[in-house]
Amino acid sequence: MASTFFTWLRTPAAREYFFSTHFWGPVANWGLPLAAISDLRRDEEMISGTMTTALACYSFVFMRFAWRVQPRNYLLFACHFTNATTQTMNDIRFVNYWHMGGREKKLGLQSPDGSVTEAPEAVKEDPKPVASQ
């Protein structure tokens, strides 16, 4: 199989492929999934739920495009599949943290019986400053 690939690399079709947007578009797009993968290690406070959801939807749309375009662009499909998967994972982390009690558990505000205790004064302040309008 490797010899077939290396034989193909020497053909004009390979040069045409590597000098086309069919190749360089997906290569440039890999910045999105790489950033999403690095965000998997970030604190949940830093995740933007709106942007993460928008990027997941964007990738779902372009996965379909990559599959429907002729010839199929498997590199673009893989890029958007990876991005959609990691953005969805980040979205799940965001929802768990902000809406399912993850923040309270992390800050130690949840008692063993599941009820939320009163937050200390330092935690009550919103960690994100509100922009003046």
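Phe5, Phe6, Trp8 and Leu9 form a nonpolar surface patch of about 360 Å² in this predicted model. Patch members have over 30% relative accessible area and no salt bridge, and nonpolar side chains (Val, Leu, Ile, Met, Phe, Trp, Tyr) are joined within 5 Å. A salt bridge is a side-chain nitrogen of Lys or Arg within 4 Å of a carboxyl oxygen of Asp or Glu. Areas follow the Shrake-Rupley method with a 1.4 Å probe.

Tryptophan 8 lies in helix α1 (residues 2–9). Its relative accessible area is 31%, so tryptophan 8 is partly exposed (buried is under 20%, exposed over 50%, partly exposed in between). Of the 133 residues in the protein chain, 25% are buried.

The chain has 8 helices and 0 strands; helices are DSSP runs of H or I with at least four residues, and strands are runs of E with at least two.

| Pair | Axis distance | Angle |
|---|---|---|
| α4 (residues 31–39) and α6 | within 8 Å | roughly 30° |
| α3 (residues 21–29) and α6 | 8 Å | about 15° |

Axes are lines fitted to C-alpha atoms over the stretch in contact, and angles run from 0 to 180 degrees between N-to-C directions. The angle of roughly 30° makes α4 roughly parallel to α6, and α3 is likewise roughly parallel to α6 (angles under 35 degrees). α4 passes α6 in a left-handed crossing, and α3 also passes α6 in a left-handed crossing; left-handed means that the near helix is turned anticlockwise from the far one by less than a right angle.

Residues are numbered from 1 along each chain as its sequence is written. In this predicted model local features need pLDDT of at least 70, side-chain atom pairs count only at pLDDT 80 or more, and totals for chains, interfaces and linings use all residues, while side-chain values use heavy atoms, without hydrogens and water.

Definitions and conventions: Patch = residues over 30% accessible without salt bridge, like charges linked within 9 Å, V, L, I, M, F, W, Y side chains within 5 Å. Buried < 20%, exposed > 50% of the residue type's maximum accessible area, 1.4 Å probe, protein only. Parallel < 35°, antiparallel > 145°, perpendicular 65-115°, else oblique.
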